[in-house]
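I opened the model to look up a few local details. My notes follow in the order I took them.

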Amino acid sequence: MEMISLLCVILCIIFETKGQNNQSLEKNQPVMKKPWDGPCWNKRFTDKSCFKVFCHPWQRCFDGMCTCKLPYQCPRNSTSTVCSATGKEFRSYCQQKSYECMNPRETFSSRGKNCKHAEKFQISLKYGEHESEGIIQVKLVGQKPLFLCSNKWSIEEANVVCRQLGFEKGAHPSFAKQIFNIPQSDLEESECLQVTCRGLETSLAECGFNKGSYSKPAGLRCYTESTVCEDHKFNCVNGKCLEPESACDGINDCGDLSDELCCTECTNSFHCSSDVCIPNQYRCNGEIDCINGEDEVGCSVGRSEDSLSWNENAEDLSTIVQNSMDNERKYIKSFLPSIHCGISNLSETRKKRIIGGANATRGEFPWQVAIKDGDSVNCGGIYVGGCWVLTAAHCVRATQSHQYRILVGVLNRRNYQEKVDSFPVKRVIVHENYEANTYLNDIALLEVENIYNEELCMQSGNNLMPACIPWSEYQFKVGERCKVSGWGRAEGFTKVFSLKWGYIYLMANCSKAYEGRFLEGMECAGTYDGSIDSCKGDSGGPLICYDSHNVAYVWGIVSWGENCGQPGSPGVYTKVAKFFEWISYHVGRPLVTKYNT
């Protein structure tokens, strides 16, 4: 009996030790980080997230989301009237899509008139065991019913079909692998329809159709699962589960683009600097798809075959049965209101190495203004259009607008009287949540008197040009080289009277350099050796970043910092993109919205 008890004790000790060792191994084992883990993916961006993509012409960007315009807000220009699936007639494609945006049943059916009695576009699935699968038969207006060809049949088209049939998650990843029992009579058809879509259409009728020699009919399986994705799979925002390799390949597998919007690199596709993957055929297609515009840089005048609009590159144009609505979308887009901003009156400036900066020349920074407070100029500002100037909240007081004047064209703040325009300030708007002790929300707007009674207000007989306002914090990223300008201090903190500028770089989160003081809505920038920096007297001035087409955006407002020009002490700026909605609310959206209007 004693031997048995002793044996039990020994075995217990062995198993306990083994368990502790296993726990230790589990703790020490590295956790595999999935490629789609991270702050960007966690924000769950989709095709309606205008921080990452451009909205359609029938939408506008509001607070980061593409929202529905009212039909009357569409451009009046159109090439034809269109019909909806319920028989409503619309003056333009934009008006129909705008109405559909608020009434999802009103999908596009066809171009034409007398819509109430007109023939409708029809689509159906045949020979499937369930309503969510089968081969696709389409009846175009004025055509006989035909099956879709399997040739060039892809997930983009499959997603459109499934969404139109009511399956919101789109097509199943194995959409084309299903085998159906098709009657021999249908297999003997001589023709089929080859369809090409962008992938974001809500009706297959918006896509392009060509007649093709009969091939195996296109099969389809729509996504109906509602289970939680396995740990190794990519979870689309709409709930669809994908294999890991489907993310970041330029193909809209999810159907809502959520697999392509936070990619540090792209497979077989074009990588936008905003970490978005777009198809290679979007490169140099005459339409900006990356929010920074780099997909249309370095393009020849003629378009490549890959960039032709969806069914324009058919081998034989006579096989086109119905053009896609993509050209109509682009046509409407060309009539959206646009603003002229961010263009310097000079060509690319000298690349010299504000502390350590170079003197500015006239017209080099046409958005830079000086704020005169009483008899002195202590702060700068940025002209953003109309009668409006952007600056730092700590530069002004809301109750003292009468003592400020905006000076335009100042190159030397000690000798400027005869060469500048001077505008009295009508109103000062300081951000309602500005905190003077922390510089949180350090942003303000100044509205000047329209002394010349001109439509452009301050742009009268001078070189003034507004800087563009960024709407997305993904337009520029860490490492971008930008310009800062102002009348601040130089080496040794000596006063500077001439407008100076310098190149600095956007830096990663400065929480370590300014622990507990680097807050939401702040950006830090500088040089790692501290050779160029903003300093006292530069406050309220611009940190300007340039997009791929050399258009200037006011990315930051000089706010605060420590130890000007010293390594490890970068300047801190108010991040303007975070305040786009606040700015547009006060000055009016049309004045500052370059895109997504």
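**Entry 1**

Which residue stands opposite C83 in β5? I looked it up: the residue opposite C83 is S110. First, the ground rules for these notes. This is a predicted model, where local features need pLDDT of at least 70, side-chain atom pairs count only at pLDDT 80 or more, and totals for chains, interfaces and linings use all residues. Residues are numbered from 1 along each chain as its sequence is written, and side-chain values use heavy atoms, with hydrogens and water left out.

Helices (H or I, at least four residues) and strands (E, at least two) are DSSP runs, numbered from the N terminus. Two strands pair if DSSP finds at least two bridges between them. By that rule I find an open sheet of 3 strands in the order β4-β3-β5, with antiparallel pairing. Its edge strands are β4 (89–90) and β5 (108–111), each pairing on one side only. Between β3 (residues 82–84) and β5 I read 3 bridges, antiparallel.

**Entry 2: E100**

I went to E100 in helix α3 (residues 93–102). Is E100 buried or exposed? E100 is buried, at a relative accessible area of 6%. My cut-offs are under 20% relative accessible area for buried, over 50% for exposed, and partly exposed in between (1.4 Å probe, protein chains only).

The side chains of E100 and T202 make a polar contact of 2.4 Å. A polar contact is a pair of N or O atoms within 3.5 Å; within protein, one must be able to donate a hydrogen and the other to accept it, and residues adjacent in sequence count only if both atoms are side-chain atoms. Leaving out residues up to four places away in sequence, E100 touches E106, T107, F108 and T202. Contact here means heavy atoms within 4.5 Å.

**Entry 3: helix α4**

How many of the 10 residues of helix α4 are buried? The count is 8 of the 10, so α4 (residues 155–164) is largely enclosed by the rest of the structure. I list the buried ones as I155, E156, E157, A158, N159, V160, V161 and C162. Their cover includes β6 (122–126), β7 (133–139), β9 (191–196) and β11 (219–221). After α4 comes G166, with a positive phi near 100°.

**Entry 4: positive phi without glycine**

Most residues other than glycine have a negative phi, and most peptide bonds are trans. I noted two exceptions on phi. C248 is not a glycine, yet its phi is positive, about 60°. N268, also a residue other than glycine, has phi near 50°. C248 sits in the loop between β13 (241–242) and β14 (270–271). N268 is found in the loop between β13 and β14 too.

**Entry 5**

I traced β21 (residues 404–408) to β22 (residues 421–430): 4 bridges, antiparallel. V408 stands opposite D421 in β22. From β22 I moved on to β23 (residues 444–448), paired in the antiparallel sense over 5 bridges. The bridge partner of V430 in β23 is A444.

Helix α7 (residues 580–587) has F580, W582, I583, S584 and V587 buried. What covers the buried residues of α7? The cover includes β20 (388–391), β22, β23 and α8 (589–592). G588 follows α7, with a positive phi near 100°.

**Entry 6: cavity and pocket**

I used a 1 Å grid over the protein atoms alone: a cavity is a set of points where a 1.4 Å probe fits but cannot get out, a pocket is an open set with protein on both sides within 12 Å along at least five of seven lines, and lining residues have an atom within 4 Å of a point. Grid points are joined across faces, edges and corners, and a volume is the space filled by probe spheres set on the points.

The largest cavity holds about 40 Å³. Among its lining residues are Y439, E520, M522 and F579.

The second largest pocket holds about 1,100 Å³. It is lined by 40 residues, and the closest to its centre are P39, C40, D275, Y474 and K477. Two or more lining residues come from each of α2 (39–42) and β26 (522–526). The largest share, 3 residues, is from α2.
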